[in-house]
Amino acid sequence: MARRQKGKAAAAGKRRAPAALPSPASSSEDEADEAPEEVPFGVAREAAEAERKLVGEAARRHRELLKEKRRRHQELFAEQKKRKLLPEAVLQELQELQELQDVSARPAEQAVADDSVTLDEELEAEAVQLDQGQAESQDQVEVQEKKGKKSKGARTKGNYMAVCLKDHSVTGLHQQLAKDFLNAQLYGPHTNRVQANEFFSLANKKDPVKKAAVQFVDKSWGKDKKEKAERFKKRWLATQIKNGL
Amino acid sequence: MGEFEVHRVRFFGLVPAGVRCLACHPRGSRLALARTDGAVEVYNFAANYFQEKVIPGHELRTVESLCWAAGDRLFGAGLSGDITEYDLSGLSAARGVDGGGGPIWSMVANSTGTQLAIGCEDGSVKIFQVVPGGIQFERNLDRRKGRVLCLSWHPSDTHIVAGSIDFFRVIDVTSGQTVQRIMVNHHVEKAKRECVVWAISLLSSGTVVSADSFGRVQFWDWEQGTLAESHTVSTSAALSLAVSEKEDSIIVGTSTGATYQLQLLPVTLGGQEKRWVRTKPFQFHSHDVRAVAHSPTALISGGLDAQLVIRPLMEKIQKKSYDAALRKFTFPHRRLVSCARKARLLLFQFSQYLELWRLGSTEETGKDGEVLPLCQMPEHLVQLKSKGPEHIYCSCVSPCGTWVGYSTASRFHLYRVHCDGDGVSLRKVPKVPKLLPPAYQLQFSADSDSLFVASARGSVHVFQLLEPGGCKHLHTLRPPSGVEGRCLPFLPRGSAQGGCVAEVSAVVPSVHCPLLQHHCTVPTYNCAVSALAIHPSTNNLVIAYSDQQLLEFSIPEKQYTSWSRAVQSRGLHRAWLERDSPITHITFNPKNPSHILLHDTYLLCVLDKSLPLPDDSTLLMNQSTLKQLPETARKRQLHAFKICKKFQPLLFMDLLDENCLVVVERPIMDFKTQLPLPVQQKKFGT
C-alpha cells in the first residue's frame with residue numbers, strides 16, 4: 001500500500017509538475033494530438049522526493065503510533081498479572097521455604113549424582129565438573145526446581161484420567177452402553193420419577209391422623225458443622241483427661 | 001415365664017436387591033427368581049413357597065433373563081454377554097458360554113426345552129442347542145438393526161417373535177428369515193419419543209401380545225400385520241408380561257408398581273366370540289414391576305422393591321385353605337445375622353462385606369413395655385470387606401467373639417478378632433486348608449474349639465481352631481451313600497459336646513455324631529427343612545419344616561420324643577400353620593431344657609414343653625389377654641406357645657443370657673428410601 005501510495009504520489013507529483021510549469025492552453029482534444037510535454041528531470045526528482053518524504057513521515061508516524069499502543073497494552077497486561085500474583089512478601093516466604101526443602105533434597109540428589117557416576121575419567125571429569133558446576137547450576141537448578149515446584153504447587157488440573165484398561169475392553173463398553181440405554185428408558189426425563197421422600201410421605205399426608213414426612217429431618221443438614229463438633233469434643237475430652245491425670 | 005430385657009437392634013442396614021426376573025418351572029412346582037445383584041433363588045411352591053436354594057451373585061454378573069430348559073436345568077443370561085447354567089445341586093453358577101452378540105437382553109426356551117433362543121444387543125437372534133454337557137451354538141437367525149429386547153417362541157416352535165425399539169418382527173425358525181415386521185408406533189403421528197417393546201408373547205392362535213413403554217398392551221395379528229386390540233393399562237411403561245398356559249389370562253407389570261390381569265372372556269354369556277378384557281388391577285408394589293409370571297393357579301410378580309408377591313387366583317383354587325392367601329416375601333428365608341452370646345457381638349452379613357457390632361448396655365431396670373436408657377451405645381467395631389467380586393455365601397462368629405469366618409463361592413476365609421480396650425484388630429488366619437468350595441454353612445462349636453463347615457455333596461469338614469490363630473483340618477464327615485448329590489447341609493446350633501452335626505436334604509435328614517458315636521437318620525418328610533437345632537444338654541434335635549410343622553427327635557434314643565408325638569397326634573394350632581413365613585432360627589435356654597425359642601419374620605415364640613398344647617378353639621396369641629387376667633384364671637388358660645408380635649419384621653432373635661434377648665428388626669420403610677426412584681403418584685388434595 002505504501003508503494004501504491006508512493007506510486008500514486010509520484011504520478012500525482014508528475015501530473016502536478018507539469019501543472020506547475022507554464023503550459024500552453026490545452027483542451028482534451030489537443031492533448032491527445034500533441035506530443036507529450038517535456039518535464040525537466042531535476043524538478044520532477046525534487047517533487048518525487050518531497051512526496052516520498054511526506055509519505056515516509058506518515059508511515060513512520062503510523063508505526064510509532066502502533067508501537068506506542070502495543071507498549072501500553074503490554075504494560076497493562078504486566079500490571080494485571082502482577083495484581084493476580086500473591087503479594088511480594090508471601091512470594092518471598094514461599095521461595096525461602098522451597099529453598100529449605102531444596103537444601104534437604106539436594107544432599108540426596110548429590111548422593112544420587114555421585115552414585116550414578118562411574119569411574120571413567122571422562123565421567124570423573126564430568127563429576128568434577130558436576131561438583132564445580134553444582135555451585136553455578138545450583139542457582140539454575142534452584143530456579144528450575146522452584147519453578148517446577150511452583151508449578152506443582154499451582155496444581156494444574158490436567159485433562160486426563162487414569163483408568164484400568166481391563167475395565168475398558170470392548171465388552172465393558174457394550175455393557176455400559178446397554179446399561180445407559182436401560183437407565184435412560186427407565187429413569188430418563190420423560191419417566192415422571194419422584195424422590196422417595198415425596199412418594200412415601202403421601203400416605204402420611206392422607207392419613208386421618210396426619211403425620212410428618214418419612215424423611216422429615218434431612219440428615220445432611222449442617223453435616224460439616226456436626227463433624228467439626230465431634231472432632232472438637234474428642235479433642236476436648238482428651239485434653240481434659242490429660243489435665244485431670 | 002419371666003421377664004426379658006430386649007436389645008432391639010435396628011441398625012442392620014440391609015437393603016435387599018430388587019427382583020429382576022422370574023421363571024416358572026414348566027411343570028409348575030418351582031419358581032426361579034433372579035435379583036438385580038445377580039443372586040438366583042429357587043422357591044418351592046409345594047413347600048409353602050419356601051426359598052429352597054440361593055445362589056449368591058457376582059459383581060460382574062447381571063441377570064436379564066432366566067429360563068428353565070431340558071427338565072430341571074436353569075439357565076441365565078445377562079448384559080455381560082454370557083449364558084450361564086446354574087448348578088442347583090452345587091449351588092453355584094456353572095458353565096458360562098459367550099453368546100457372541102454382545103449383551104444379551106432376553107432368553108427363552110422352546111416348548112420342549114431342547115433349544116434356547118437369545119436376543120442380543122446387536123439385533124441378532126441366536127439359537128443354542130441344550131446338550132447334556134452344556135449348550136452348543138446352533139445357528140443365527142436373520143439379523144436386523146436394533147437391539148432385541150424380548151423374545152417369544154410359538155408353542156409349536158415354528159416361529160419366534162422378537163421385540164425391539166419401535167417395531168417387532170416375526171421370524172420363521174426353519175428358514176431363519178424375518179417373515180413380518182410390524183411398526184408399533186406407526187399410527188401415532190407425532191411420536192415424541194421412541195416406543196420400546198419391553199415384553200412380547202406369541203400365542204398359539206397367531207396373536208402377538210406386546211407391552212410397550214407407553215403403557216399399552218396391544219394384540220396384533222402378525223400374518224395380516226394389523227392391530228386387533230389395544231389396551232392402555234397405565235400412563236407409565238408396561239415392563240413385563242406373562243401368559244398363562246391355557247392362554248386365557250395375561251398378567252402385566254408396570255412401572256408404577258401396579259399389575260393388571262387381562263382375561264379372554266366371551267362377549268356375551270355363552271357366546272363364541274371372545275375378547276380380551278382388563279379384569280383385575282393390583283397395587284402390591286411401590287416400585288417398578290420388572291418380572292411377572294403366571295402359574296396355573298396364581299399370579300406372581302416381583303418388583304424392584306425386593307418384594308415377591310404371589311396372588312392365588314380364586315377361581316383356580318379347589319378347596320378353601322390357606323393356599324388361597326396372598327403371599328408377600330421381602331426378606332430371605334435364612335439367617336443373615338450371627339450372634340456371639342458371651343461377647344455380646346453381632347455379625348451382619350451383607351452381600352459384599354460383613355459388619356461386626358457390639359451391643360449396648362443399660363444399667364437400669366423397668367417394667368413391662370418400658371424403654372430403658374442406654375449407658376453404653378452399640379458400637380460398630382469392624383467392617384470386613386470380602387476380597388474379590390463374589391458375594392458372600394455364609395458367615396459366622398464364634399460364641400466367644402474371637403473368630404469370624406465367611407465363605408464365598410471359591411474360598412473360605414477365617415479371621416481372628418482382638419478387642420483390646422478401644423481398638424479392634426482383625427488378623428487373617430493363614431494356611432486355611434482348601435476345601436471343595438463352596439461352603440454352605442459355617443458353625444462354631446459352643447466352646448469355640450472347633451469349626452464345622454458344611455460343603456458340597458453333603459460333606460461336613462471339621463476344623464480344630466488353635467491358639468493364637470490357626471486351624472487344622474481334623475476330618476470330614478460324609479453322608480451315607482444313598483443320599484449323596486442331593487444333600488444341602490444344615491448345621492444346627494448348640495453342639496455343646498463338639499460333635500453333633502446334622503445334614504439335611506429336602507428328603508432325607510441324617511444326623512452324624514461321630515464324636516458321640518451316633519449315626520442315625522431322621523425319618524423322611526416331604527417338605528424342606530427351614531431350621532434345625534440341637535439342645536446342648538438333652539441332645540434333642542428340633543426341626544422346623546417349611547409347612548410350619550415342628551418335630552423333636554431324640555438323638556440318643558434315635559426316635560421322636562414323646563412330646564413330639566403328642567404334638568403330632570394333637571396337631572398344631574390352625575393359626576400356627578397359617579403363618580406366612582418359615583421359622584428361620586431355633587435356640588434354647590441353657591438353664592431350662594423345656595424351653596425352645598423360635599422366630600419367623602413376624603413373631604417370636606417361646607415354646608414351653610411343660611405346658612399343655614393349645615387346641616383350635618383357644619386363642620393362640622393370648623399373651624395380651626393373659627396379662628389382664630388374675631393369677632388363678634391365668635393358670636387355666638396358659639398354653640405352650642408364648643408368642644410376641646411386637647417386633648416386626650424380624651431378621652434374627654437370640655437369647656443372650658437368662659433374662660436377655662436380642663432381636664434384630666429391619667423396618668421396611670428404612671430401606672425403601674434407599675431403593676431406586678419410584679414413579680410419581682398424583683393423589684387428590686396433596
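Colleague: How many bridges join strand S26 of chain B to S27(B), and do they run parallel or antiparallel?
Modeller: This is a predicted model, mind you. In it, S26(B), residues 289–294, runs antiparallel to S27(B), with 5 bridges joining them. One of the facing pairs is B:His294 opposite B:Leu299.

Colleague: What joins S26(B) to S27(B)?
Modeller: A hairpin, through 3 residues.

Colleague: And which way does S28(B) run against S27(B)?
Modeller: Antiparallel, and 5 bridges join the two. B:Ile300 has B:Ile310 in S28(B) as its bridge partner. The hairpin of S27(B) and S28(B) has 4 residues between the strands, and B:Ala306 there takes a positive phi near 70 degrees.

Colleague: Are the faces of S27(B) covered or open?
Modeller: Both are covered. Side chains in a regular strand alternate between the two faces of the sheet. Here B:Ala298, B:Ile300 and B:Gly302 are buried on one side, and B:Leu299, B:Ser301 and B:Gly303 are buried on the other.

Colleague: Switching topic: how many residues of chain B are in contact with chain A?
Modeller: 34, against 25 residues of chain A. The two chains bury about 2,600 Å² between them, 67% of it on carbon and sulfur atoms.

Colleague: Which side chains meet in a salt bridge there?
Modeller: A:Arg193 and B:Asp288, at 2.7 Å, N to O. The count between the chains is 1 salt bridge. On the side of chain B that touches chain A, there are 16 nonpolar, 9 polar and 9 charged residues.

Conventions:
Residues are numbered from 1 along each chain as its sequence is written. Chains are lettered from A and ligands numbered from 1 in the order in which they are written. This is a predicted model: local features need pLDDT of at least 70, side-chain atom pairs count only at pLDDT 80 or more; totals for chains, interfaces and linings use all residues. Side-chain values use heavy atoms; hydrogens and water are left out. Buried means under 20% relative accessible area, exposed over 50%, partly exposed in between (1.4 Å probe, protein chains only). Two strands pair if DSSP finds at least two bridges between them. Contact means heavy atoms within 4.5 Å. Buried area is the accessible area (1.4 Å probe) that two parts lose on being put together, summed over both. A salt bridge is a side-chain nitrogen of Lys or Arg within 4 Å of a carboxyl oxygen of Asp or Glu. Ala, Val, Leu, Ile, Met, Phe, Trp, Tyr, Cys and Pro count as nonpolar, Asp, Glu, Lys and Arg as charged, and the others, Gly among them, as polar.
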